[in-house]
Amino acid sequence: MTPGKTRRLALAAIPLILFVGMGGIFLFALESGRDPQALPSALQGRAAPATSLPPLEGARLADGSPVPGLTFPAGGTGRPALVNVFASWCAPCRAEHPLLMRLAADPRFDLIGINYKDKPEQASGFLEELGNPYAQIGADEDGRVGIDWGVYGVPETFLVSPEGTVLWKATGPLTPAIIREELLPRLEAGSPLS
């Protein structure tokens with residue numbers, strides 16, 4: 001073979017080598033057993049950000065009174081809190097909502113909502129239609145508080161200790177299995193599980 005032909009064959013082989021290499025990386029990732037939805041949280045094991053948000057306009061508690069805005073002090077609230085980030089435009093939020101309605105009846109923690117990048121009238125309509133599981137709802141219309149909490153997208157849920165430490169985070173909609181196998185054991189233990 002001539003040197004020019006060898007060089008052209010070598011250049012033509014580069015895409016094939018890259019394709020095989022990328023395929024090997026993807027195969028390794030699939031076979032590793034890691035949950036692709038398990039995104040790391042920079043907050044896990046650290047203090048939850050002190051948060052103060054105005055109430056979601058139009059949202060009501062079961063007794064018809066307005067839902068208070070979100071006040072989450074540094075150092076926690078003295079009770080475990082489940083902080084759920086949601087939006088009316090989020091289809092997975094709608095899917096997980098019946099589970100949140102059931103969780104709201106659990107007296108071991110406070111269920112708190114952060115309405116993320118949503119229009120107040122749409123968010124309050126969403127809750128009017130499906131029910132309001134939250135004791136407090138903060139309206140994060142510009143998404144700045146979501147940045148403080150490290151939100152990748154909605155829905156996301158954080159379990160926060162009475163002292164204000166983030167114990168656990170779920171990215172994506174809660175499911176019965178996630179609640180049973182991850183959330184409730186962490187709530188009962190009061191600390192992260194390995």
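Buried means under 20% relative accessible area, exposed over 50%, and partly exposed in between (1.4 Å probe, protein chains only). Keep that handy for the tour.

This is a predicted model, where local features need pLDDT of at least 70, side-chain atom pairs count only at pLDDT 80 or more, and totals for chains, interfaces and linings use all residues. Residues are numbered from 1 along each chain as its sequence is written, and side-chain values use heavy atoms, leaving out hydrogens and water.

**Stop one: F126.** Select F126 and you've got a buried residue, with a relative accessible area of 3%.

**Stop two: the rings.** There are four aromatic pairs in the structure. Rings of Phe, Tyr and Trp (its six-membered ring) pair if their centres lie within 6.5 Å; planes under 30 degrees apart count as stacked, over 60 as edge-to-face and the rest as tilted. F86 and F126 have ring centres 6.1 Å apart and planes at 20°, so they're stacked. F86 sits in strand 3 and F126 in helix 3 (residues 120-130), 40 residues apart. Helices (H or I, at least four residues) and strands (E, at least two) are DSSP runs, numbered from the N terminus.

Next, click Y134: with F86 it makes another stacked pair, 4.9 Å centre to centre with 15° between the planes.

**Stop three: the sheet.** Show the strands: five of them form an open sheet in the order 5-4-3-6-7, with mixed pairing. Two strands pair if DSSP finds at least two bridges between them. Zoom in on strand 3 (residues 81-86) and strand 6 (residues 156-160), which pair in the antiparallel sense over five bridges. Finish at V85, which stands opposite E156 in strand 6.
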